[in-house]
Structure formats: structure tokens, C-alpha cells
Amino acid sequence: MNAMDATLSTPANAAGPAEIRFENVTKTFGRMGGGDLFKAVDDLNLEIRPGELVAILGKTGCGKSTMFNMIAGLLEPSQGKVEVSGHNPFTEFNWFRGKIAIVFQNDRLLPWRTAIQNVELGLEMLEVPKAERHATAQRWLTQLGLGGHENDYPHALSGGMRQRVSIARAFATNAGILLCDEPFSALDEMTGNRLRAEFANLVRENGKTAVFITHSINEALQIGDRIVVLRRPAKIAYDVKLPRNADKAVQEEIRLKIQAVLSE
Amino acid sequence: MPGAVLLGRIARTAAPFVLMAVAWQIASLFFPPYLFPSLVAVFWRCLEILTHWSQLVDVLATVSRILAGLAGAFVIGAAMALAMARSKAVDGFLSPILTFFQGIPALSWVVFAIIWFHGIEFRIFFIMVLTTLPAFTFQVLGALRAMPKDLVEMVMSFRPSRAKIFRVMVLPSILPEILTAWKVNLGNASRVVVVAELVGATGGVGYQLLQQQQIFDMAGALAWTLQLVFFVLIVQYVLTLIETVAFRYRAVSERSL
Ligand SMILES: Nc1ncnc2c1ncn2[C@@H]1O[C@H](COP(=O)(O)OP(=O)(O)O)[C@@H](O)[C@H]1O
Ligand SMILES: [Mg+2]
């Protein structure tokens, strides 16, 4: 990236350019019936490097989704700057085509499309030829264990299967940045655990920069290379890198620290 | 489908019509034919209309006027609804006007059209469009507003072009309401068209009805009316067929409301 970015980075982060950067970001919402503004994100500073899998952890209502929607370009910051790959995700609508993929909390499948047509959605936006996008979608559905369900409509799939389709849809475009907003929180524990493990592998195998929002300490520990704990309104309370293959004792120590921060 | 089930279904569909026919036929036994003609006479008049090109042309003319008016109102209404959904200012401007128009009787449009315009077909088209336009616009607007925000955001997250948003998200999600709107407006249009034909049309069902009235021919009046009713029923049936094919993705509950 360019020289200007380097000067903006804090010395501690100077090792590499940030893929996702929050710079003094505040987001306020107008309350129904006027009156005072409600602050959901408060002067947030955060940098995420390429290839990192960051778990963002915080209690419900602390502004995780708000922060997430600003990275996704669905919301605009009230103050400060959000940058993704050096660009503004809210204003540079077309520049980000094919660069960010999202897994939402609910599957958000289009009910009028079959499983495979749903997976092809992002590829259609990228003008990928029909035969190729069909093959790619087929490959991702098979990889996620949905072979044989290509032509099922969403209403005929279980919750876990639907979320698998939505993960396939996100991976199919091969975007470098993957954003997930509590994608497994609506699933039962067994389905969630299995999908979590598969998901973390897929992210690492495909070398993606990933932001994973969660309200569960266990999930954050199981998925993240790094855990960022937010307090309410969203501001960093604790930021820790998890050593790869950390042993039980280290994990426990981090867990206790997070618990302490969250109960403040 | 087993024969018995099919028969049962036909019986249920036919029952209300059979009942009406029987009631009419009984009335025809007690009243003179110029009040309640026998259904047999009405049937032969219907057949006569359908088998004589000179009369069938009148039916086709009216049908084309209905379809042209609806198509015009739909195109204009959909365009206005899109603009209203996109901009609060446009909505604030057009909504009161359309609501105002909704209160104007079809007959008033007939009078205005006669005073303002010369061509008969244009007058009819103008009346048909203006009487169905508000409903079409509000129905399409409602469908656009009811698009699930979740799904729209998901689609937008892929950063589609405007054309893609329309094809992938907007069209499939409002299609059910559009079909319903057509069904509703079709009924309205077939009732308005005969009034619109009073602007001086020298052909069409409305013109023929006027002729029957002048010679007190009740069987003829009924036969001509039935042509329009049949037309509405046929189009409704086609729209329902389209619905069952196009919306087979919908989950059906085994328990009804
Ligand atoms: N569009 C909005 N308008 C008003 N308030 C909002 C809006 N979106 C979120 N909020 C408020 O901002 C706070 C943070 O919401 P959110 O980011 O969804 O939290 P989380 O995802 O961490 O549970 C909540 O108190 C919520 O009520
Ligand atoms: Mg949330």
C-alpha cells in the first residue's frame, strides 16, 4: 500500500498494511420520536491485517452488528473513518464488487431460488459465465456436504443446511475478505460445533482475512487467531493474539481474562 | 387424480353458478321474458355472438380496450411506484394526487374525455388508464415497500449493478403482488370499460348493451354481459395457472388458516 497509509499506522502496527481499519469511528442512531442520539460505537480504533481471523466478542447490544455493517458498507460512520483495502466501503460501492463476502446471522437465502441458484448469486453479480458459475456452486455445495440438495428450495432444507448454503454462497465468489455476524448462533450446539470447525478450516485453507462476530467466549477461542473484546458502546476493552495451537493452560488464562473484562 | 375427487372438485366449483342459474330459471317461469328471459334463450344468444364474426368483433374490441388500458396503467403505475419508493419527495408529491384521482367516478372521466379529446379509441384508453392507475401504483408501491430488508441487504452486499438488483431481487419479490394487482384491476377494468364505451363507440360490448336496452331485449343484454364475465374468468384462470407454476417455491402448510 502507499506511503500515506504507513504514516497513519501507529508504530506498534507498522509491521504491515491494515486490510481493515477503524479510525476514531463513532456511530450514533437517531431515536424514534427525536430527542437525543444513541451511541452504538464510540471512538473505535482497530486494525486488522491481511490473513488474520479476528473474533470480535461482546455482549449482545454492544454494537457488534453496527460495527460489522460499517465494514460491509451497509452503514456509514457518523464520525471517523472506516477503510477496507484502503477504500471506503460505503461510498465506493462498485469498487468492492467481489471483494467482500458475508455470512449473516440468519441464512438470508432467496426463497424463490434453489440451493444451487442461491450459491450462484454472487457469481452472477461478477458476470461469471453460466457453466462456470454452475460448476463452482456445485463444488462448494459438495464441499459443505450438500450434494444431492442442489435443486431443493430453501423451505425444504433444515436450519443447519440453510446456513451451509449461505456459507457456500459466501465462499463461491472467492472474495479476499470474509465477514461473519454470529453465523452459528441460531443453530443447535452439535450442528454449530461441527460447522464451526469446518468453517475455521475453510477460512485458513483459502487464506482469507476474516472478521467473525460472536457473543460466545468458547466460539471466539475456538475460531479466532486474535480476539477483540468490545465493551458497550463498542470500544476495545481487550485485544489478544492467540498463539497457534495454544495449550489448555494458555487458553484458560485468556478465558479468565476475557471473563473479567466482560463482567466489568 | 382419482375420478371421484375430480368430480367433487368440479361440483364444488360449479355449485354456486348452478344455484344462480336455477334461481333465474325459476324467476323466468313467473315473469315475462323482457324481465327474466329463459336461460335457454340467453344461451342461444351467447352462441350467436360467439359464432358470428360481426358480433364477435365487438367482444374482441372491448377485450382489447381492457387489456390496452390495463397494460398502459400498469406500465405508468409501476414506473411511478418505483420513483415513489426511491424518493420521499416524489412520494409526497404523487400520493395525494393519486388518492384524489381515486375519488373521481369513472363517469366523470367519461365526461372529461369527451370534452378534452376527439379520437374515440384514445378517449377510451385515457379513461381506462386513469381509472385503474391509482390502484396499480399503490399496489406495486406496497409490494416494493414490503421487500424484506434482510434479503435486500444480502443482495446489496454483493454490490450488484442496478439492472441486477432489479432482476435478482426486486422483480421476483414483487411478482406475486403484481399478479394479484392484475387480478383485482381486471375486474375493475371490465366494469369500467362498458361505461367508457359510452364516449361514442360504435362497437364493443358497451355499445351493444345500449342497443339491447333500446329494444328492451333482456336476453341480449345478459348474453353480452356474460361475454365480459367469461373473459374475466378465463384471464383469472390463466393468472392462477401462472401463480401455481411461478410460486411453487413457496412452502405450503398442511394446515390451512
Ligand atoms: N438502526 C438502528 N437504529 C437505532 N438504534 C440501533 C439501530 N441499530 C442498532 N441500534 C442500537 O445500537 C445498539 C447496538 O446494536 P447492535 O450493533 O445490533 O448490537 P450487537 O450486534 O452487538 O448485539 C443497540 O442498543 C441497538 O438498539
Ligand atoms: Mg448483532
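**A span of chain B.** Between the end C-alpha atoms of residues 17-44 of chain B there are 18 Å, and this stretch is 71% helix and 0% strand. Helices (H or I, at least four residues) and strands (E, at least two) are DSSP runs, numbered from the N terminus. This is a predicted model, in which local features need pLDDT of at least 70, side-chain atom pairs count only at pLDDT 80 or more, and totals for chains, interfaces and linings use all residues; side-chain values use heavy atoms, leaving out hydrogens and water. Residues are numbered from 1 along each chain as its sequence is written, while chains are lettered from A and ligands numbered from 1 in the order in which they are written.

**What the record says about chain B.** An unreviewed UniProt entry places "transmembrane region" at residues 17-44, 64-85, 97-118, 124-144 and 222-242 of chain B; such annotations may be inferred rather than shown by experiment. Look at residues 124-144 of chain B: that span is 100% helix and 0% strand, with its end C-alpha atoms 30 Å apart. The unreviewed entry also gives "domain: ABC transmembrane type-1" for residues 59-239 of chain B. Over residues 59-239 of chain B, 86% is helix and 0% is strand, and the end C-alpha atoms lie 20 Å apart.

**The nonpolar cores.** A nonpolar core joins buried Ala, Val, Leu, Ile, Met, Phe, Trp, Tyr and Cys residues through side-chain atoms within 4.5 Å, where buried means under 20% relative accessible area (1.4 Å probe, protein chains only), exposed over 50%, and partly exposed in between. The largest core has 97 residues, and Phe22(A), Ile56(A), Leu110(A), Leu179(A) and Ile127(B) have the most contacts inside it. Helix α8 (residues 162-196) of chain B gives the most to this core, with 15 residues. Apart from this core lies another, of 33 residues, including Phe171(A) and Leu202(A).

**The open mixed sheet of chain A**. Follow its 6 strands in the order β5-β6-β7-β3-β8-β9 (chain A); strands pair if DSSP finds at least two bridges between them. At the edges stand β5 (100-103) and β9 (235-241) of chain A, each with a single partner strand, so one side of each has no neighbour in the sheet. From one strand to the next, the twist averages 15 degrees. Helix α5 (residues 159-172) of chain A packs on the sheet, touching β5 and β6 (177-181) of chain A, and its direction makes about 175 degrees with that of β5(A). Such angles run from 0 to 180 degrees between N-to-C directions, with axes fitted to C-alpha atoms, for helices over the stretch in contact (heavy atoms within 4.5 Å).

In chain A, 3 strands form an open antiparallel sheet in the order β2-β1-β4. Strand β1 (residues 20-30) of chain A pairs with β2(A) over 8 bridges, and Arg21(A) stands opposite Glu47(A) in β2(A). Helix α2(A) packs on this sheet, touching β1, β2 and β4 of chain A, with its direction at about 120 degrees to that of β1(A). Helix α2 (residues 64-72) of chain A has 8 of its 9 residues buried. Just after α2(A), Gly73(A) takes a positive phi of about 80 degrees.

**Where chains A and B meet.** The contact takes 27 residues from chain A and 21 residues from chain B. Together the chains bury about 2300 Å², 64% of it on carbon and sulfur atoms; this is accessible area (1.4 Å probe) lost on being put together, summed over both. In chain B, Phe158(B), Arg159(B) and Tyr249(B) lose the most area to chain A, together 38% of what that side buries.

How values were computed
Buried area = accessible area lost by both parts, 1.4 Å probe.
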